[in-house]
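Visitor: I would like to learn to read this model feature by feature. Please give me the general idea each time, then the case at hand.

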Amino acid sequence: MFVVILFICFGLLPFSIAWFIGRYKRIGFWGSLLLSILLTPFIGFLITSNSRLKNAPGCNWCGNKDNEAEYCGLCGKNAAGESKPGFKVRG
Ligand SMILES: [Zn+2]
């Protein structure tokens, strides 16, 4: 029984986190797998899911390469160039 729990915590969970999330993040499959094994799957999952996307769509209007949301966080425009309602440019 203990071996089964060990296998799930340090085999199945880290692998699933690395395969389903880590692959698409900048941290990568192996970085995510190592973190999940060394720092428990829970912390590995938190770090992996907060890592930046490998192929972030970016913003065509202000050159913000790391934008992952529909509306850009810097200039507030979406892919069609429409501004987010209520968005104000800081500065
Ligand atoms: Zn932008």
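Visitor: At what angle do helix α2 and helix α3 pack?

Guide: Start with the terms. Helices (H or I, at least four residues) and strands (E, at least two) are DSSP runs, numbered from the N terminus. Axes are lines fitted to C-alpha atoms, for helices over the stretch in contact, and angles run from 0 to 180 degrees between N-to-C directions. Here α2 covers residues 28-38 and α3 covers residues 40-50. They pack at about 145°, with axes 6 Å apart. This is a predicted model: local features need pLDDT of at least 70, side-chain atom pairs count only at pLDDT 80 or more, and totals for chains, interfaces and linings use all residues. Residues are numbered from 1 along each chain as its sequence is written.

Visitor: Is the crossing of α2 and α3 left-handed or right-handed?

Guide: A crossing is left-handed if the near helix is turned anticlockwise from the far one by less than a right angle, and right-handed if clockwise. α2 passes α3 in a right-handed crossing.

Visitor: Which residues make the contact?

Guide: Two residues are in contact if their C-beta atoms, placed from the backbone, lie within 7 Å. From α2 come Ser32, Leu35 and Ser36. From α3 come Pro41, Gly44, Phe45, Ile47 and Thr48.

Visitor: How do the residues of that contact divide by class?

Guide: Ala, Val, Leu, Ile, Met, Phe, Trp, Tyr, Cys and Pro count as nonpolar, Asp, Glu, Lys and Arg as charged, and the others, Gly among them, as polar. The contact of α2 with α3 has four nonpolar, four polar and no charged residues.

Visitor: How do the axes of α1 and α2 cross?

Guide: Helix α1 spans residues 2-20. Its axis comes within 8 Å of that of α2, at roughly 150°. Again the crossing is right-handed, α1 passing α2. On the α1 side, the contact uses Phe10, Leu13, Pro14, Phe15, Ile17, Ala18 and Trp19. On the α2 side, Phe29, Ser32, Leu33, Ser36 and Ile37 take part. By class, 10 are nonpolar, two are polar and none is charged.

Visitor: Is Phe45 buried or exposed?

Guide: A residue is buried if 20 or more other C-beta atoms lie within 10 Å of its own, exposed if 12 or fewer, and partly exposed in between; C-beta atoms are placed from the backbone. Phe45 has 21 such neighbours, so it counts as buried. Phe45 sits in helix α3. Leave aside neighbours within four places in sequence, and Phe45 is in contact with Ile17 and Ser36.

Visitor: What stands out in the backbone of Thr40?

Guide: Its phi is near 70°, a positive value in a residue other than glycine. Thr40 is placed in helix α3. Thr40 counts as partly exposed because 15 C-beta neighbours lie inside 10 Å.

Visitor: Where does Val4 lie?

Guide: Val4 is in helix α1. With 9 C-beta neighbours inside 10 Å, Val4 counts as exposed. Val4 and Trp30 are 26 residues apart along the chain, and their C-alpha atoms are separated by 23 Å.

Visitor: Where is Ser83, and what does Ser83 touch?

Guide: Ser83 lies in the segment after α3. Ser83 touches Gly76 and Lys77, not counting residues up to four places away in sequence. Ser83 has 15 C-beta neighbours inside 10 Å, so it is partly exposed. Its C-alpha lies 7.7 Å from that of Tyr71, 12 residues apart along the chain.

Visitor: Is Lys88 buried or exposed?

Guide: Lys88 is exposed, with 8 other C-beta atoms within 10 Å. Lys88 also lies in the segment after α3.

Visitor: Which domains does the assignment give?

Guide: Domain bounds come from an automatic or database domain assignment. This one gives domain 1 (2-50) and domain 2 (56-91). Their C-alpha centres lie 31 Å apart.

Visitor: What is the radius of gyration of the protein?

Guide: The radius of gyration is taken over C-alpha atoms; the globule rule is 2.2 Å times the number of residues to the power 0.38. A compact globule of 91 residues would be near 12 Å, but this protein has 18 Å. The C-alpha trace spans about 55 × 20 × 20 Å along its principal axes.
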